[in-house]
Amino acid sequence: MTESRKDKKPVMVFVLVAINVVIFLVDKLSPFNLMGLYLDHRHPALHQFVTSTLCHANPAHLSGNLFPLLVFGKLVEEELGAIGLLLSYVFIGVVSNLASVLLLPSNTLGLGASGAVFGLFTLAVMVRVSIRDFSWRSTLEAGIYGQYVWEKLKSEVAITAKGGIMGVNHVAHLGGAVAGVAIVLILRLLLALFEDKDGK
């Protein structure tokens with residue numbers, strides 16, 4: 001990460017948080033019906049693969065997703081920049097929702113940022129380990145975040161293996177985590193290609 005990138009304050013993560021909050025307030029407190037933004041597994045519209053990641057069922061659902069989004073979204077934005085965070089959020093959300101549509105019953109109605117958040121979990125830790133110049137601070141930081149993410153993923157796999165919790169989209173969570181790993185692998189491949197070109 002460059003010095004100029006370090007000095008920049010995160011912006012996009014707050015934009016994403018604000019959008020989630022505004023959509024929730026409009027959905028719950030206004031006469032407008034925003035259910036068309038939810039992911040209808042029976043007849044999914046293309047826009048719903050993205051818009052459903054900005055919708056939430058209740059205040060607990062909202063706050064439960066926005067806290068980790070704020071923490072791990074900041075980490076990703078510090079490493080990949082504002083556009084990198086935005087593209088990552090969209091990509092992970094689409095992949096997690098695609099997994100949900102493919103693997104869950106057709107009567108499912110999907111909404112929530114948790115699939116994208118789980119992807120940011122894995123992405124934030126792996127990018128920090130892969131790209132940052134190592135120091136004892138960054139190593140300690142990556143270790144703490146990594147332990148948290150590892151425990152979350154272990155818990156998610158264990159709960160899913162037991163049949164899951166009703167109303168919780170475990171498929172989207174795990175799909176999002178895989179998408180976060182995929183982004184890091186793609187970045188590594190692109191970096192290797194650019195380095196090969198520069199070396200020739």
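Reader: Is Phe121 buried or exposed?

Author: Buried means under 20% relative accessible area, exposed means over 50%, and partly exposed lies in between, with a 1.4 Å probe and protein chains only. Phe121 has a relative accessible area of 2%, so Phe121 is buried. The model is predicted: local features need pLDDT of at least 70 and side-chain atom pairs count only at pLDDT 80 or more, while totals for chains, interfaces and linings use all residues. Residues are numbered from 1 along each chain as its sequence is written, and side-chain values use heavy atoms, with hydrogens and water left out.

Reader: How many aromatic pairs are there?

Author: A pair of aromatic rings is described by the distance of the centres and the angle of the planes. Rings of Phe, Tyr and Trp (its six-membered ring) pair if their centres lie within 6.5 Å; planes under 30 degrees apart count as stacked, over 60 as edge-to-face and the rest as tilted. The count by this rule is five aromatic pairs. In one of them, Phe72 and Phe121 have ring centres 4.7 Å apart and planes at 65°, so this pair is edge-to-face.

Reader: Which parts of the chain does the pair of Phe72 and Phe121 link?

Author: Helices (H or I, at least four residues) and strands (E, at least two) are DSSP runs, numbered from the N terminus. Phe72 is in helix 4 (residues 59–103) and Phe121 in helix 5 (residues 114–131), so the pair links distant parts of the chain, 49 residues apart. Phe72 counts as buried, at 4% relative accessibility.

Reader: What is the geometry of the pair of Phe72 and Tyr148?

Author: Their ring centres are 5.8 Å apart and the planes are at 20°, so the pair of Phe72 and Tyr148 is stacked. Tyr148 lies in helix 6 (residues 136–161) and Phe72 in helix 4, so the pair ties together parts that are 76 residues apart in sequence. Tyr148 is partly exposed, with a relative accessible area of 39%. Ring pairs join Phe72, Phe118, Phe121, Tyr145 and Tyr148 into a cluster.

Reader: What does the side chain of Gln48 reach?

Author: A polar contact is a pair of N or O atoms within 3.5 Å; within protein, one must be able to donate a hydrogen and the other to accept it, and residues adjacent in sequence count only if both atoms are side-chain atoms. The Gln48 side chain reaches the backbone oxygen of Tyr38 at 3.2 Å. Gln48 is found in helix 3 (residues 48–51) and counts as buried, at 7% relative accessibility.
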